[in-house]
Amino acid sequence: MRRTLAALLLLTACSAPAPPRSAAPSPRPPGPATLAAPTGEHPVGTTVLHLTDASRPDPWNLDAKARELRVTLWYPSGRGEGERAAYMSPRESELTLTGSGAGGVPPDLLSRTVVHATTNAPAKGRFPLVVLSPGFTKPVSTLTSLAEDLASRGYVVAGVDHAYESYATTLADGEVAECLACDSDTDPGFGTGVVATRAADVSFVLDELLAREPALIDHTRIAMAGQSIGGASTLAAMAADRRIAAGVNLDGTTYARLPRGFARPFLFVGTPEHAPGGRDNSWDRDWKLLTGWKRWIVVTGTDHQSFTDLPQLQPALGLKPLPGAPSAARLAEITRTYVAAFLDEHLRSRPQPLWKGPSARYPEVTFQGAAPGPPSGTTDG
Amino acid sequence: MTRAVAAGLLLLLVVACTTPEPPRAQAGAPESTACAPPQGPPREQAPTTIDVVEQAYFCILDRYYRAPVMDPRDLLVAGFAALTRAMPEAPLSLPALTGDRRADWAAFETAYRKITDREDLAVVTLEAIVAALGDDHARWARDPGRPPGYYDGDGYGLGFQVAGDDPLFVSVVEGGAARKAGLRPGDVIENVGDPELLRPGYPDARPVELRLRRGDRRWSVTLTPGLYPRDPATLRTVQSRVIDDAVVYVQVRGFSPDAANRVFRAIARARAGRSVSGIVLDLRGNGGGSPAEATRLVSAFVHGKVTSYLCTVDERCEPGQTDDTVPLVGLPVVVLVDRGCASACEHFSSAVKDHGAGSLVGTRTAGLISGPAQPFLLRDNTLLSFPTRRHLGPNREVVDRIGVAPDHFVPPTPEDAAAGHDAALAKALTLLDG
């Protein structure tokens, strides 16, 4: 009996599907990926800012007496201006691939990913601002597909690279900051510490952007979104900074203590593992503390990276999607559509039928938690 | 976080797939008494029944290193005594025990079943049997779960750390009840001698009364254990800084599975672009962890040596060698130790001391290193863990209950704590300077 049980356990463990992203690379991977085209009406410009917060030392690099952040702006621009932007540098590509354990592809492959934004394009008007914060170890360029789409729909997007929390961040002096924080990511309190750091990062970025770009950014309409620890940091940043009016968490376990009466709009977007009563109870805990507009949606067939660029990069990396996963194009559409609907609802005050409940157009999206508002029914959102 | 989770999953897979050793049921032993290491992720706990107590009893007798020289009756007497305390009204009496472990268990179980089938009493009985081993590395506990309202990094307890011997005093105020009551480092605790009484764990929420003295002022406070947030920066397992641009100071709070490499990276980064004269390894309060990591850390300071022995009770010993693939740091090292340095920390400290690989500064270590604890899965999906072999130092000396004496005795004092002065670190810097 006992032996059978043990044998069964071994069998289960050893024959479990190979860990998601490490399927054997196909012999001849196709060329670099081309990201899905933005769907909005505006062409997209992009530029990089290096911002240094001299008021605090870097929490990870003991030799850095100031906190340096790299901010990528995506914004609605004039048509036909500037050069096509790079996804990341060859060195960043190499470090990101090595750090992620992706082998068998040219080290500069990610840097050749084709994007749609152009550099040095003039900005066109004044728009609401969305801050983006990436997952741990990931450069913010892994959210480019979402960022470009939001910019094309009329948002200024500020993607923050939190130095030393990613495999590769090119700093102002050209040095590449590697993942020093990776050393301590198993320590107790690690997540709590990271989201507190990122909340401070974001407040500083807002100070700088609002001072530097008054003609581009509507300072009364600011939201934030993030994936994984970036999503957790969204709640932490909102708790610490009232300027952030609304937030989206893409599948991030949360860590910040929320103040009482936290009533600003918030959207949880999760994989099936992030359904109520799941293994991670942090969303259940926070859900009860959110007193304003809130939604908790779960997207069938998704995994933790489904809301990033990764599904679109997989073929180039010779990786196969998980069985049952929506296509990369579909994942991009769902992520872009729901995040934009949230921002349109709350930063532009344009009511979105998608929030009434399940939609026949997006049967993968299920509504969780006891959401306030009109009774849910299938609508044609 | 994904990274950590993925690493965890990977580890589980590796553990599962590289443990071909079949469950070590002794030939002829009944199924119910076999115990094996856990395989795969933990499963939901089931009720603890007398059958689980039976499994644990035979597991201890089969695998605990000292079992061959133990009288198994001692375990049953301890369990039965606990039962009588838990049921003062029951007409319990212990049947005659013969010294035959199976016959004695049968008699015990018959007596037990006559009285009760309450789960909490099986828990009390098993706790007493494990406690009867008198071994800090022998543990069994049902998982009490997380306190409600828990956030990653929170502490549970009275909110302060304690140092000193006689008297005890507050060394660090972390938060919670201690901060609310205005405790400060250096406050002397006059009415408690055992530091364990000041470290209640969840779900223990009984208030603790303290009589305190600060200089000439005396007062009392009652602190209630609870959950409190801590500064995440202070919780990093490995923290480092460079002192006076000359000495690398590395604090290691525990021997986590990557501790040694983290220390090596911290030292390498600190040495980059500067000339360093020595290293201070602060292991005060380091409660131990992985013996393999302790061995790797020793190996940065000495090669070709035995760091410890693991022995059966009849002195068949296996030496644990340094890992000579670890590059030598090549700098003098001073290790700060105190009575909070336990288990793997003492493994490290005894090896450094016995081989003269560095100097130890501070106070004697905990003396809590009976042997590396091996986990065994019981039928209620709880873990019983205890050493299957005992630990001896590099000179085959017993470290358990004795501890490792420092080369330089520098005890912490309330005055230093109040003034924020670290006398042991100051001594270490003097040694590295000379």
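## Exercises on a predicted model

Apart from its neighbours within four places in sequence, Ala158(A) contacts Val71(A), Leu73(A), Leu129(A), Val131(A), Leu132(A), Val205(A) and Leu209(A). This is a predicted model, so keep that in mind as you work.

**Exercise 1.** Find which residues touch the most other members of the largest nonpolar core.

*Solution.* Start with Ala158(A) and its contacts, Leu132(A) and Val205(A) among them. Next, look at the core itself: it has 95 residues. Val130(A), Leu132(A), Val157(A) and Ala158(A) are the ones that touch the most other members. Finally, look for a second, separate core: this one has 47 residues, including Val252(B), Ala342(B), Val361(B) and Ala424(B).

**Exercise 2.** Describe chain A, then work out what the buried residues of helix 2 of chain A pack against.

*Solution.* Of its 381 residues, 48% count as buried. Now take contacts in chain A between residues at least 6 apart in sequence: 69% of these join residues at least 24 apart. Then go to helix 2 of chain A, residues 90-100, where the buried residues are Glu92(A), Ser93(A), Glu94(A), Leu95(A), Thr96(A) and Leu97(A). Their packing partners are strand 6 (169-170) and strand 7 (176-177) of chain A. Just past the helix, Gly101(A) has a positive phi of about 75°.

**Exercise 3.** Decide whether helix 3 and helix 4 of chain B are roughly parallel or roughly antiparallel.

*Solution.* Two packed helices are described by the angle between their axes and the distance between the axes. Here helix 3 (residues 72-86) and helix 4 (residues 101-115) of chain B pack at about 10°, and their axes are 10 Å apart. Angles under 35 degrees count as roughly parallel. Helix 3 and helix 4 of chain B are therefore roughly parallel to each other. To see who meets whom, find Pro72(B), Arg73(B), Leu76(B) and Phe80(B) in helix 3, which meet Arg101(B), Asp104(B) and Phe108(B) in helix 4. Sorted by class, this contact has four nonpolar, no polar and three charged residues.

**Exercise 4.** Describe how domain 2 of chain B meets domain 3 of chain B.

*Solution.* First locate the domains: the assignment for chain B gives domain 1 (30-134), domain 2 (155-228) and domain 3 (232-374 + 387-433). The C-alpha centres of domains 2 and 3 of chain B lie 27 Å apart. Eight residues of domain 2 are in contact with five residues of domain 3. On the domain 2 side, strand 3 (160-164) and strand 4 (168-173) of chain B each supply at least two residues. That side of domain 2 divides into four nonpolar, three polar and one charged residue.

Notes. Residues numbered from 1 in each chain as written. Chains lettered and ligands numbered in written order. Predicted model: local features only at pLDDT ≥ 70, side-chain atom pairs only at ≥ 80, totals over all residues. Domains from an automatic or database assignment. Contact = placed C-beta atoms within 7 Å. Helix = DSSP H or I, 4+ residues; strand = E, 2+ residues; numbered from the N terminus. Nonpolar A, V, L, I, M, F, W, Y, C, P; charged D, E, K, R; others polar. Core = buried A, V, L, I, M, F, W, Y, C linked by C-beta atoms within 7 Å. Buried ≥ 20, exposed ≤ 12 C-beta atoms within 10 Å, placed from the backbone. Axes fitted to C-alpha atoms, helices over the stretch in contact; angles between N-to-C directions. Parallel < 35°, antiparallel > 145°, perpendicular 65-115°, else oblique.
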